[in-house]
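This report describes selected features of one protein model. Please keep the sequence and the structure in view while reading.

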Amino acid sequence: MAAAPTGRNRPLVTPDPFAHRFITAANGRLVVAHRRPDTVISQDWSVQLDASGSCTDAKLVDSGRLIAALVGRFAGLVDHASQQVVFKTPPCLLGEHAIELIPGPYLVLACSLKGHTTGLRVFDACGARSERDPVQVKSLPSAHALRWDEQTQSLWAIGTNRFPYVKDDSPLCAVHGVLVRYPYIGKPCQPLGDPVVYPLRDSPKVPGWPGWRDGPHDLVPIPQTRTFLLSTDMDVFEFDIDKADPLGKPPEQNFIPASQGTLAGFRPRRNEDGLSKVKAMSVAADNSILIAQADAGDYSTYLVSYSPGSRVRSDLQLPYETYRARWFEETAGWPSAPYNGG
């Protein structure tokens, strides 16, 4: 009988990154889950928020006490412990893609449908004075992601300079993505100030999608840094807040391909995808990166965890399709806004 492997002969066992909890949604139900050692996906927590729909966005806020969630037509705040909805906006009908809590408290939605009402819609989230209409609207075509920045007291958002579906190649119809910083100025019912805009490079055509130009999709910070990962239809970039200059540097110096840095060595599940179709990202405290890369239209049937240090990729097949998923933890060095709406 062969001896059991010992010491240097013992196979190296890589910890399963999906043993850590992640948050997503399916069929209108917001779900926190992890993968057990027997590879079964275990549901740890869930709440029904709509009759149907995927996870458009979800994140911990208020020091982890609440979850800001976009599921189906639901947009609002859910108490993690009690599973009760503490605030919700009117039903989502404007292509809402992102949600964020800012001081006040206000809840901000990023809307992507073409039209004058799209962009950022700011709702008064105080239970005693909340109204169904937004108290402030900021124009931002094809708005797709939001992030509160406690250090600069600002809200970051991504979108485009114009709606990214164009039928004309003339310079007048040129499209480029934008990363925008809105300072929090604290005026009653007008919490966001004038934007500071960082333009991305001119948007190329999206292969297989006639008329569409490349546009941003997600924006997430890397823990304990001042750096964002920003995904578009066709690529992923890094943006260093402290080094970027909206006026003194061209886009290619402000936005560095992540393939040259954090995502160097990343190999997608389908080689032809490269770093395209990344609808969602999330970076854990150990720097493992959760990626939802669409393989079923705009949705993903699997999640990927990538470790930049070891360059190891792990896949998780889902029993449903999802638009976004994130690690179920707050980002170290990026405290969320408090909720004092009662």
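Does Y165 count as buried, exposed or partly exposed, and at what relative accessibility?

## Basis of the report

This is a predicted model, in which local features need pLDDT of at least 70 and side-chain atom pairs count only at pLDDT 80 or more, while totals for chains, interfaces and linings use all residues. Residues are numbered from 1 along each chain as its sequence is written, and side-chain values use heavy atoms, without hydrogens and water.

Y165 counts as partly exposed, at 32% relative accessibility; buried means under 20% relative accessible area, exposed over 50%, and partly exposed in between (1.4 Å probe, protein chains only). Y165 lies in the loop between β13 (154-160) and β14 (176-187). Strands are DSSP runs (E, at least two residues), numbered from the N terminus.

## An open sheet

Four strands form an open sheet in the order β8-β9-β10-β11, with antiparallel pairing; two strands pair if DSSP finds at least two bridges between them. β8 (96-102) and β11 (136-138) stand at the edges with a single partner strand each, so one side of each has no neighbour in the sheet.

Within the sheet, β9 (residues 106-111) and β10 (residues 119-124) pair in the antiparallel sense over 6 bridges. R121 in β10 is the bridge partner of L109.

## Cysteines

The structure holds 0 disulfides, a disulfide being a pair of cysteine sulfur atoms within 2.5 Å. The sulfur of C92 is 7.5 Å from its closest cysteine sulfur, in C111, which is too far for a bond. C92 counts as buried at 10% relative accessibility, and C111 counts as buried at 0%.
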